[in-house]
Amino acid sequence: MNEERKGLIKKITNSDIWKSIFRHGYEKTGRRYTLQVLQNVWLHLHPPRISRHALNFRFTWCMGGITFLMFLVTAVTGVLLMFYYRPVAEYAFRDVQALEFDIPFGMLLRNMHRWAAHGMVISVMLHMFRVFLTGSYKKPREFNWAVGVILLLITFFLSFTGYLLPWDQLAYWAVTVGTNMARATPVLGHEGPFAPADIITQSNDVRFALLGGTIVGPSTLLRFYILHCIAVPLVASLLMALHFWRVRKDGGISGPL
Amino acid sequence: MENVLLLIEKPDNVPILAMLFLIPFFMWLAYRQARQTDRTGVPSDAALNDKVYVWPYLCRNEFVCAIIIMLILAVWSIMIDAPLEEMSDPAKTPNPSKAPWYFLALQEMLVYFDPWIAGVVLPGLIIAGLIAIPYIDINPKGKGYYTIKERPFALSVFCFGFIILWIVLMIVGTFLRGPGWNIFMPWEYWDPHKLVPLTNVNLSYLFGIRDEMTANFFGFAVVAGYFALGPVFYFWKGKTSKFLQELGLIRYVIVSFLFLCMMALPIKMILRLGLNIKYVWVSPWFNV
């Protein structure tokens with residue numbers, strides 16, 4: 001039986017179709033291990049070999065990877081949620097209610113999206129903490145730390161824009177409190193210091209630009225929806241690509257050099 | 001007590017509860033490794049050159065880690081439902097109105113500073129300061145391993161900022177702030193009509209200054225004097241300290257400015273909570 005199965009597996013992996021997809025073969029050699037990473041678009045972000053200490057969970061806490069995983073989970077669940085959600089003040093809350101009560105696994109979908117988003121905020125903060133504690137921002141990784149700080153901000157902003165979308169009391173007032181700050185921006189906010197009172201008013205300051213109105217309203221919902229689903233994830237993806245690429249270009253995962 | 005139990009039950013507060021355990025755990029983990037490095041010395045080059053293949057060793061680790069995390073996330077999502085309150089109503093303001101949990105440290109700062117500082121300037125400085133860290137920390141040691149001995153200043157400043165001024169304030173904002181943004185201890189009842197008899201006065205008033213113009217100049221002098229601590233320290237130690245000379249004037253100005261800005265928050269907290277000081281500097285345009 002076992003022999004038979006091995007024979008079958010060999011037959012499959014030796015077939016032309018299989019070999020057209022996976023070219024590296026299955027000998028237990030360093031060459032194959034290297035090719036398996038280099039020839040795979042999903043794995044080629046990795047170098048073929050890394051130092052042994054990088055495998056150590058105690059050293060890395062795995063937090064950067066977890067952050068990326070959480071981003072992927074929110075992207076997948078987010079796309080699924082978009083099928084059921086309309087960013088219009090009349091519908092938004094009803095659609096979320098429908099997700100909870102009518103749509104099969106809708107509640108689970110929404111839960112996973114929300115908790116993965118919270119998980120991402122936690123893991124990104126812990127990732128920054130780890131990178132600081134190990135001094136991994138030092139030369140030659142200064143610039144990548146800066147990219148990481150921007151990504152931290154983007155994570156907060158992604159989570160914050162998503163917070164409004166359920167359009168319930170919790171969302172509405174959390175975003176009201178959060179965006180009220182903007183009116184106190186020096187020069188550019190209508191209640192901020194040094195704002196020229198006859199030029200900067202509450203209907204043309206930075207808060208207005210963010211909300212699309214003088215209070216959180218239907219246009220805010222649409223603005224936050226577009227920021228949350230398209231604009232910010234796009235920027236986040238580009239910066240993540242840069243961040244990961246720089247990890248390798250700056251000498252791989254940090255260690256005592 | 002019921003209020004705290006209610007707060008703990010709130011699904012959105014699960015991350016904060018998790019942080020209560022995660023932060024001490026990772027602090028302990030880092031501390032243990034730092035102690036080990038400090039005792040036995042920095043790992044040698046040989047250890048770093050000990051290479052392994054990414055496939056299968058690293059990929060296996062990533063895979064196992066991803067499975068464990070997805071398992072936790074799945075259990076979390078099945079057990080606890082995301083919150084959904086009643087439909088938004090601009091006419092019905094909840095008391096207290098709280099920002100999402102990760103912004104509660106910022107909201108907490110609003111108690112001590114006006115919105116333009118707490119909501120705009122200080123967050124901006126936090127971002128700028130974080131980005132500046134690699135460029136102002138010129139200590140070449142402690143790169144790529146846990147240590148305490150080799151970089152005590154950098155570690156203590158960052159940990160103070162991250163643990164005390166970010167995480168602890170977040171926890172305070174979540175669990176101790178009740179109606180009217182008053183502090184309620186866990187055992188206290190959340191009374192929406194709680195009155196806190198506070199007579200906050202400005203610093204100038206405490207010094208007996210009643211005239212507005214004098215108060216303005218006095219406040220300016222105090223704030224300027226506070227930020228002058230940086231240059232004063234430089235003139236005092238700059239000639240003799242090898243560290244300051246290596247750091248250079250420009251880096252020193254940035255480090256001291258950021259450090260003084262960061263310490264302004266706990267100082268203002270102490271002034272407010274201990275002495276009921278409202279503003280340090282009242283000017284016609286802004287208050288500090």
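In which helix of chain B is B:Phe160 found? The residue lies in helix α7 of chain B, which covers residues 152-175; helices here are DSSP runs of H or I with at least four residues, strands are runs of E with at least two, and both are numbered from the N terminus. The structure is a predicted model, in which local features need pLDDT of at least 70 and side-chain atom pairs count only at pLDDT 80 or more, whereas totals for chains, interfaces and linings use all residues. Residues are numbered from 1 along each chain as its sequence is written, while chains are lettered from A and ligands numbered from 1 in the order in which they are written.

B:Phe160 counts as partly exposed because it has 14 C-beta neighbours inside 10 Å; a residue is called buried if 20 or more other C-beta atoms lie within 10 Å of its own, exposed if 12 or fewer, and partly exposed in between, with C-beta atoms placed from the backbone. Although B:Phe160 and B:Met263 are 103 residues apart along the chain, their C-alpha atoms are separated by 9.8 Å. Elsewhere in helix α7 of chain B, the buried residues are B:Leu155, B:Leu165, B:Met170, B:Ile171, B:Gly173, B:Thr174 and B:Phe175. These buried residues pack against α1 (2-9), α2 (14-40), α5 (104-109) and α11 (249-275) of chain B. The helix α7(B) also has a kink of about 25°, centred on B:Val168, where the bend at a residue is the angle between axes fitted to the seven residues ending there and the seven starting there.

In helix α2 of chain B is found B:Tyr31, which is partly exposed because 13 other C-beta atoms lie within 10 Å. B:Tyr31 and B:Tyr146 are 115 residues apart in sequence, yet 7.7 Å apart in space from C-alpha to C-alpha.

Chain B is assigned domain 1 (1-40 + 97-193) and domain 2 (197-288), with bounds that come from an automatic or database domain assignment. The C-alpha centres of these two domains of chain B lie 23 Å apart, and their contact takes 14 residues from domain 1 of chain B and 16 residues from domain 2 of chain B; two residues are in contact if their C-beta atoms, placed from the backbone, lie within 7 Å. On the side of domain 1 of chain B that touches domain 2 of chain B, the largest share, six residues, comes from α6(B). That side of domain 1 of chain B has eleven nonpolar, two polar and one charged residues, where Ala, Val, Leu, Ile, Met, Phe, Trp, Tyr, Cys and Pro count as nonpolar, Asp, Glu, Lys and Arg as charged, and the others, Gly among them, as polar. For chain A, the assignment gives domain 1 (1-49) and domain 2 (60-248), and 40 Å separate the centres of these domains of chain A, taken over C-alpha atoms.

Between the chains, 78 residues of chain A are in contact with 71 residues of chain B. On the side of chain A that touches chain B, α7(A) gives the most, with 16 residues, and the residues of this side divide into 49 nonpolar, 20 polar and nine charged. Three bridges join β1(A) to strand β1 (residues 51-53) of chain B, and the two strands run antiparallel; strands pair if DSSP finds at least two bridges between them. Within this pairing, B:Lys51 in β1(B) is the bridge partner of A:Ser51.

The largest nonpolar core has 86 residues, and those with the most contacts inside it are A:Ala171, A:Ala174 and B:Met109; such a core is a set of buried Ala, Val, Leu, Ile, Met, Phe, Trp, Tyr and Cys residues joined through C-beta atoms within 7 Å. The largest share of this core, 16 residues, comes from α7(A). A second, separate core of five residues includes A:Tyr33, A:Val37, B:Val54 and B:Trp55.

Some backbone features remain to be described. Most residues other than glycine have a negative phi, and most peptide bonds are trans. The peptide bond from B:Trp55 to B:Pro56 is cis, with omega near 10°, and the bond from B:Asn95 to B:Pro96 is cis, with omega near 0°. A:Phe105, in the loop between α6 and α7 of chain A, has a positive phi near 60°, and this residue counts as exposed because it has 11 C-beta neighbours inside 10 Å.
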